[in-house]
Amino acid sequence: MNNKIIVSGMRSTGKLHLGHYFGVIKNWVELQKEFNCYYFVADWHALTTKFNQTENLRQNVLDVTMDWLASGIDPDKSTIYVQSHVPQIAQLHILLSMITPQNWVERDPTLKDMAKILRMQKEEGKSETSSASYGLIGYPVLMTSDIMMFNANYVPVGIDQVAHIEISRDIIRRFNNIYNTDYFVEPEPKLTQVPLLKGLDGNKMGKSFNNDIKISDDEETTTKKIMTGITDRTRLRKTDLGHPDNCEVIFDYWKIFGNDTEIEEIESMCKKGEIGCADCKRKLAQKVNEYFAPIREKRKKYEENPKLVEEILIEGSKKAQLRAQEVLDKAKEAIKMF
């Protein structure tokens, strides 16, 4: 393992879905084999748009962590912590907010994305207002504090998220220039190949859209959900010749869960009208359930012993605090604070 540091986190929104698994977690598992990784449950970030929906916040933190642990994030290899349990992040956030121009955060794509979520929640009656709060406006600065707190070298992102890292680089560069220090690293995006996994209705997969499959779903629930998945809309009967390229969701799932032989077989049978969409979905459901069986079994053990999950988070947060204090001291020293 090298000494390069990676920092990444997820908002504490509850049980995670397959998009999270293939888009983020699977990559994290590989990264922890090579880098010094800090993975955090972002409960402060969750409050930026769900400040009035905190009844399940504690359980959401545990659910996210259970999904991580069950999927292979190892507390012996990675530092797993809760954002709010590392108060140094908030202190650094205040210091960074003093040097960050207002127009920088206003044009940041991260903030724009979060504002869209807030407007959608307002329309659905889940939020009292569609106006951005002070905390939401400061989201990019808090995100920078998360990264700078551990002097991260890399932040794993997909190609569409590279712009989100640029403001962090800008803020850290500005800090170094103002206070004449070269201690703080300008983090680089660690590009990851993220497979496109749409929701079952063909739209972006998301909990709020009710089109996702949870990592923790049981076999029956998974199968029922997959049976609702969109296929080739032009195919009306089982004997109709299929068009896998026009299969909006299900064939894309086959590309992820099937091996080359299985994919070729399904594609050929579909084109020849030898398999109907329902049978195709049932076969896919079996593949998905087989893939996640060991992960779900492992998760059940954590569900039965939530105290163990809490202990892992407490210990990880203590470890994170030690490193965070070192970095905070360097920041205050650069500013020449008392």
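This is a short walk through one predicted protein model, from overall build down to a few residues.

Okay, some ground rules. Since it's a prediction, local features need pLDDT of at least 70 and side-chain atom pairs count only at pLDDT 80 or more, while totals for chains, interfaces and linings use all residues. Residues are numbered from 1 along each chain as its sequence is written, and side-chain values use heavy atoms, with hydrogens and water left out.

Overall, then. The protein has 14 helices and five strands; those are DSSP runs, H or I of at least four residues for helices and E of at least two for strands, numbered from the N terminus. The radius of gyration is 22 Å, close to the 20 Å from the globule rule for 338 residues, so the protein is as compact as a globular protein of that length. That radius is taken over C-alpha atoms, and the rule is 2.2 Å times the number of residues to the power 0.38. The C-alpha trace spans about 80 × 40 × 35 Å along its principal axes. And 48% of the 338 residues count as buried, meaning under 20% relative accessible area, with exposed being over 50% and partly exposed in between (1.4 Å probe, protein chains only).

Now helix α11, residues 250-257. Which residues are buried there? I250, F251, Y253, W254 and F257. Looking down the axis of α11, they fall within an arc of 150°, so they line one face of the helix; the arc is that of the directions from the helix axis to the C-beta atoms. These buried residues pack against α1 (18-31), α10, α12 (260-272) and α13 (277-304).

Next, the loop between β5 and α10 (219-226), where D212 sits. Buried or exposed? D212 is buried, at 3% relative accessibility. Its side chain makes a polar contact with the side chain of K214, at 2.8 Å. By polar contact I mean a pair of N or O atoms within 3.5 Å; within protein, one must be able to donate a hydrogen and the other to accept it, and residues adjacent in sequence count only if both atoms are side-chain atoms. Beyond neighbours within four places in sequence, D212 is in contact (heavy atoms within 4.5 Å) with residues including H17, L200 and K225.

N210 is in that β5–α10 loop too, but N210 is exposed, with a relative accessible area of 70%. N210 also has a positive phi of about 55° despite not being a glycine. Most residues other than glycine have a negative phi.
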